Amino acid sequence: MATQDGSQVTMQTDANPKEEEEEAPACDTTDKGDSESTSAEGSAATRDSPGISNGSDNAEEEGEMVDLKIIWNKIKYDLRIPLQSTGARLKDKIHSLTGLPPAMQKVMYKGLVPEDKTLREMKVTSGAKIMVVGSTINDVLAVSTPKEVVQQEAKADEDKKEPLCRQKQHRKVLDKGKPEDVMAAIKGTKERLPTVPLSGMYNKTGGKVRLTFKLEQDQLWIGTKERTEKVPMGSIKNVVSEPIEDHDGYHMMAFQLGPTEASQYWVYWVPTQFVDAIKDTVLGKWQYF
């Protein structure tokens with residue numbers, strides 16, 4: 001009996017490890033499944049996290065936004081743009097709105113907008129009006145060739161003539177001497193147009209004249225004591241200038257308002273530092289001459 005009980009005990013003892021061995025794989029399978037599930041969830045989280053991070057980075061890159069009114073050719077456009085955008089990026093946005101290439105844009109906000117400064121540095125606020133002046137490619141191509149021809153003809157004529165300041169028609173004005181109230185000249189420098197009119201100069205009759213550049217209207221205002229003539233810059237065919245002998249800080253300058261030289265409007269004692277800025281503003285930097 002004892003022997004039988006012992007063998008039974010022995011059999012029961014042997015049987016238990018087998019049951020445990022049979023159950024063990026089931027436990028291992030469950031653990032493996034849980035591990036795979038956890039791993040899959042971790043991978044999914046890893047895949048999702050870059051998208052979330054990128055969205056945050058983009059938001060930080062855009063930063064504070066401003067709403068602007070872009071005004072070109074009497075048409076108003078609404079533009080929402082980051083305050084950290086530069087003047088160059090603003091021109092690109094204007095191009096997408098108007099079709100006007102950046103190289104042909106004059107963008108004004110309290111003066112010409114520099115391309116390398118941000119809107120924040122220029123203190124642009126939401127709701128600000130941005131004035132844009134310029135012509136499309138088709139407009140430029142339509143007028144560039146005649147202006148180029150006029151420039152070439154004018155240069156050829158100048159080469160044949162004596163210096164302008166020695167010609168009789170100009171001497172009668174120059175012999176009056178430099179006006180006392182003319183703006184000071186700065187030799188050897190080039191400056192942007194001042195925010196105030198250029199004044200204290202003479203016209204060909206010897207009368208006082210001032211030049212006001214209305215960039216937002218694309219006009220040149222020629223003012224005398226009697227009247228102010230508002231000339232569209234696009235109608236000015238040519239601009240010529242020459243230093244005044246013995247007064248190298250000043251130029252005499254002519255604006256050709258019609259098809260021939262007979263329509264030139266002469267201005268004397270223009271400070272030399274503004275000569276290039278006047279030509280660029282009136283004729284446009286994109287002209288081919």
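Let's start with Asp 246, which counts as exposed because its relative accessibility is 79%. By exposed I mean over 50% relative accessible area, while buried is under 20% and partly exposed is in between, with a 1.4 Å probe and protein chains only. Asp 246 sits in the loop between strand E9 (238-244) and strand E10 (247-256). Its phi is positive, near 70 degrees, and it isn't a glycine. For context, most residues other than glycine have a negative phi.

A quick word on where this comes from. This is a predicted model, where local features need pLDDT of at least 70 and side-chain atom pairs count only at pLDDT 80 or more, though totals for chains, interfaces and linings use all residues. Residues are numbered from 1 along each chain as its sequence is written, and side-chain values use heavy atoms, with hydrogens and water left out.

Asn 73 also has a positive phi, about 55 degrees, and it isn't a glycine either. You'll find Asn 73 in the loop between strand E1 (65-72) and strand E2 (75-82). It counts as exposed because its relative accessibility is 56%.

Zooming out, the protein chain has 5 helices and 11 strands. Those are DSSP runs numbered from the N terminus: helices are H or I with at least four residues, strands are E with at least two. Of the 289 residues in the chain, 35% are buried.

Now the hairpins. Strand E5 (residues 198-203) pairs antiparallel with strand E6 (residues 208-214) over 3 bridges; pairing here needs at least two DSSP bridges between the strands. Leu 198 stands opposite Leu 211 in E6. There are 4 residues between these two strands, and in this hairpin Gly 206 takes a positive phi near 90 degrees. E6 then runs antiparallel to strand E7 (residues 219-223), joined by 5 bridges. Phe 213 has Leu 220 in E7 as its bridge partner. That hairpin also has 4 residues between the strands, and Asp 218 has a positive phi near 55 degrees.

So which residues have the most contacts inside the largest nonpolar core? They are Leu 211, Phe 213, Phe 255 and Ile 278, in a core of 38 residues. A nonpolar core is a set of buried Ala, Val, Leu, Ile, Met, Phe, Trp, Tyr and Cys residues joined through side-chain atoms within 4.5 Å. Elements giving two or more residues to this core include E5, E6, E7 and helix H5 (275-283). The largest share, 6 residues, comes from E11. Take Ile 278: leaving aside neighbours within four places in sequence, it is in contact (heavy atoms within 4.5 Å) with Leu 193, Leu 198, Phe 213, Met 253, Phe 255 and Val 270. A second, separate core has 21 residues, including Trp 72, Leu 119, Ile 130 and Val 132.

Last stop, helix H2 (residues 87-98). Its 12 residues should span 16 Å at 1.5 Å a residue, and its end C-alpha atoms are 16 Å apart, which agrees. That expected span is 1.5 Å times one less than the number of residues. The buried residues of H2 are Gly 87, Leu 90, Lys 91, Ile 94 and Thr 98. They lie on the same side of H2 because they cover an arc of only 100 degrees around the axis, going by the directions from the helix axis to the C-beta atoms. Their cover includes E1, E2, strand E3 (106-108) and strand E4 (129-133). Just after H2, Gly 99 has a positive phi of about 80 degrees.
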